[in-house]
Amino acid sequence: MAKHPVVELTSEASWNFVEDKFTPYGKETLAKLVTFLQDDVYPCIRLAHAQIPKDPIQRWNTVVPVVEELKMKARKLGLWNLFLSKAHYPEHGVPLSNLEYAVMAEILGRGGHIASEAVNCSAPDTGNMEVLARYGSPDQQKKWLIPLLNGEIRSAFSMTERFVSSSDARNVKTSIRREGNDIVINGHKWSAQFPLRSPWAWDPSDSMFLSFWKSHRWISGAGDPRTRVHLVLGKSDPDHPDSYKQHSVVIVPADTPGVRVVRPMEVFGYDDAPEGHCEIIYDDVRVPLSNLVLGWGKGFEIIQGRLGPGRIHHCMRSIGAASYALDLMIQRVTDPTRKTFGKYLYEHGTVVAEIAKSRAEIEGARLLVLSAALQIDKYKAKGALKEIGIAKFVVPQMACTVVDRAMQAFGAEGLSQDQELASMYAQLRTLRMADGPDAVHIQQVGQRELRRANELRKRVQELRQKEAIVFKKAGIKSRL
């Protein structure tokens, strides 16, 4: 029996581990995706970056031509919205499980954000589509979800803020209040995933702007000239006794008066145009009451539902990126034109050991994420919080380490724009904060483990009682 083509891009052992959990449709779709990526997407990645203008204004108003061509091909092939499982979203989803998509997300990760966008599976749209599919009203779905599912528009998620510690989302202070039949939003967002389609609120050549840019930290986010809608989290009931019911989510059209882009930002020197990273201000932004998602005080319920599957998507793409980095490293250290002191690079120092460690770490992380995806399929995101949390801090750290080893093998070239590794590292490093910093996930997993203490003591007591019985029967006095 012929091997599935996915084994060319992932571990054959891992595939054997999950193959029986794939439906015939899942296997067929995965095979088509592998062919599409290898024949169409991977060869076009460098072209896609070359089609982004260098001009500091034009690069933010560009729709990359080759990406649009790839999207049309993908949709004709049925490789579209693969992340949205019909089991959880029967009206809008595709017949794939989270586990099936997890394997697909890994091979998409080998192609960076270009590959994911080509099949309409890129953040923040994936999370926003899940929010609208799960919590949106019929009118909200018709106006915003359907165009997103069709790839006609893009979206933004606006949550964290500049002047508070947003890793504790209860600190978010953006005001959302009702005035008659309107909702009024006022706030200053720091890491909103945001479009850059409005006229600039700043002059990139202005010296005050440059000094301001250099004196502040980076933000994470996304901007795109096709973005038409933001999902904004803010505080709607600051006096509610339950701090987890003080926030709400509101739909804000991107062209609403009062929505102002302050500036784009760089992350490790990369601006990631045309998606980008932005700081934004909502200044007396008014939207109709019908733009409230799910209901007042439902903000935390919505963001928790949004983050679970999305974290798995990030993790699997990270594993794909790490695997690709390891491939590059192996090619480099076995290249006969790169010998030093008469030896291949792999014959020096600990290079072979680092390759082995990278492979072992990738394999372990992959199984961790696949188990989390399976838990989501069985028990939904709430039933997989432990597995999601562990993956969230283990996988990005692993991927950063693997890419760092590859950069070291490439020397100075590995840090330059002539290789993908530096950009890859910058993107992976942001994931250690993107859905909450590592420390938060580690703390949550640790606290969850501590809850087992009483049960563990109970088990030990029962064991000791059984031991006492068998010692007595054997006529031997226990020393304990």
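Buried means under 20% relative accessible area, exposed means over 50%, and partly exposed lies in between (1.4 Å probe, protein chains only). This is a predicted model, so local features need pLDDT of at least 70 and side-chain atom pairs count only at pLDDT 80 or more, while totals for chains, interfaces and linings use all residues. Residues are numbered from 1 along each chain as its sequence is written, and side-chain values use heavy atoms, with hydrogens and water left out.

**Salt bridges overall**

- A salt bridge is a side-chain nitrogen of Lys or Arg within 4 Å of a carboxyl oxygen of Asp or Glu.
- Searching the whole structure gives 31 salt bridges.
- One network of salt bridges links Glu68, Lys71, Glu117, Asp125, Arg154, Arg226 and Glu275.

**A pair within helix H15**

- Helices (H or I, at least four residues) and strands (E, at least two) are DSSP runs, numbered from the N terminus.
- Arg464 and Glu467 form a salt bridge, with their closest N and O atoms 3.1 Å apart.
- The two are three residues apart in helix H15, so about one helical turn separates them.
- Arg464 counts as partly exposed because its relative accessibility is 43%.
- Glu467 also counts as partly exposed, at 27%.

- Asp327 and Arg110 meet through their side chains in a salt bridge (2.5 Å, N to O).
- The pair links distant parts of the chain, 217 residues apart.
- Asp327 sits in helix H10 (residues 299-333), whereas Arg110 is in the loop between helix H5 (98-109) and helix H6 (112-118).
- Arg110 counts as buried because its relative accessibility is 13%.
- Asp327 counts as partly exposed, at 25%.

**The Asp20 and Lys21 pair**

- A salt bridge joins the side chains of Asp20 and Lys21 (3.8 Å, N to O).
- Asp20 has 63% relative accessibility, so Asp20 counts as exposed.
- Lys21 is partly exposed, with 38% relative accessibility.

- Ile476 lies in the segment after helix H15 (453-474).
- Ile476 counts as exposed because its relative accessibility is 52%.
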